[in-house]
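Work through the exercises below with the sequence and the coordinates open. Each task is followed by a stepwise solution.

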Amino acid sequence: MNLGTDLHIRQIKEIEETPMALLTLADPSEQQVQSYLAKSDCYVAEIEGETVGVYVAGEISKDTIEIYNIAVKETFQGQGIGKYLLMDGVDRYRRAGYKMIEIGTGNSSIGQLALYQKVGFRMDRVIPDFFTDNYETHIYENGIWCRDMIRLKCQL
Ligand code: ACO
Ligand code: ACO
């Protein structure tokens with residue numbers, strides 16, 4: 001697969017069109033997803049018309065964008081699509097004149113933390129107990145209880 005030619009990224013205009021099953025892979029709370037979708041832009045990645053990935057980004061201050069959600073369909077993971085989508089977001093918002101892009105993930109998200117740093121994000125701070133305070137169920141990944149949010153930043 002050649003991502004440059006086979007993968008097509010487009011912005012979704014209607015909230016009803018959003019691929020909720022994919023968005024809840026990244027964020028198990030549909031309520032949280034709905035709350036940031038309402039104030040953000042949503043982009044989907046398609047291969048031959050099939051939606052294989054998504055990201056949601058919105059302004060958090062005049063100069064700063066947050067990527068609230070990024071997900072790749074399970075059968076397409078590990079082929080570079082997540083990295084491609086993140087780089088698309090970084091390029092898109094740099095061209096739009098923003099100065100900083102932020103992303104937050106769980107303390108247990110080892111692979112995601114690797115990916116974000118490979119794309120140029122650096123760790124900035126921790127929000128202790130973010131997931132235990134805001135989510136009803138306990139989340140486990142890589143055998144680790146997901147409790148704290150790690151915030152990362154990438155200068156544009
Ligand atoms: N150690 C080191 N590197 C790792 C590890 C690890 N444990 N796990 C992954 N990586 C690296 C890979 O080696 C690869 O880097 P490389 O290209 O230099 O080899 C990179 O991370 C993964 O790249 P992709 O193949 O582009 O990733 P993928 O297409 O699978 O997308 C994603 C990543 C979006 C996290 C996907 O796995 C997914 O949808 N997961 C479920 C949803 C999720 O957790 N989303 C993020 C939640 S946080 C948020 O939404 C803000
Ligand atoms: N994702 C998820 N879990 C992982 C990953 C990963 N990428 N890598 C390791 N783990 C988990 C393993 O699954 C295992 O957990 P489990 O028992 O629940 O399966 C655990 O981490 C590793 O456990 P051990 O086998 O006990 O670790 P080991 O005997 O290899 O010792 C150590 C770890 C000390 C880090 C060793 O690898 C080492 O000497 N590395 C080089 C020196 C080093 O880096 N030291 C630490 C520097 S920081 C400091 O010194 C304060």
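The model is predicted, so local features need pLDDT of at least 70 and side-chain atom pairs count only at pLDDT 80 or more, while totals for chains, interfaces and linings use all residues. Residues are numbered from 1 along each chain as its sequence is written, chains are lettered from A and ligands numbered from 1 in the order in which they are written, and side-chain values use heavy atoms, with hydrogens and water left out.

**Exercise 1.** Find the buried residues of helix α3 and state why they line one face.

Step 1. Helices (H or I, at least four residues) and strands (E, at least two) are DSSP runs, numbered from the N terminus. Buried means under 20% relative accessible area, exposed over 50%, partly exposed in between (1.4 Å probe, protein chains only).

Step 2. In α3, residues 30-37, the buried ones are Val33, Tyr36 and Leu37. Viewed down the axis of α3, they fall within an arc of 105 degrees, so they line one face of the helix; the arc is taken from the directions from the helix axis to the C-beta atoms.

Step 3. With contact meaning heavy atoms within 4.5 Å, these buried residues pack against α2 (20-26), β2 (41-47), β3 (50-61) and β4 (64-72).

**Exercise 2.** Describe the strand pairing of β2.

Step 1. Two strands pair if DSSP finds at least two bridges between them. β1 (residues 7-12) pairs with β2 in the antiparallel sense over six bridges, and Ile9 stands opposite Ala45 in β2.

Step 2. β2 also pairs with β3, in the antiparallel sense over seven bridges; Ile47 has Glu50 in β3 as its bridge partner.

Step 3. β2 and β3 form a hairpin with two residues between them, and Glu48 in the turn has a positive phi of about 45 degrees.

Step 4. Six of the seven residues of β2 are buried.

**Exercise 3.** Identify the residues that touch the most other members of the largest nonpolar core.

Step 1. A nonpolar core is a set of buried Ala, Val, Leu, Ile, Met, Phe, Trp, Tyr and Cys residues joined through side-chain atoms within 4.5 Å.

Step 2. The largest has 28 residues, and Ile70, Ile81, Leu86, Ile101, Ile103 and Phe121 touch the most other members. Among the elements giving two or more residues are β4, α4 (81-95) and β5 (100-106); α4 gives the most, with five residues.

Step 3. A second, separate core of 13 residues includes Tyr36, Val44, Tyr68 and Ala71.
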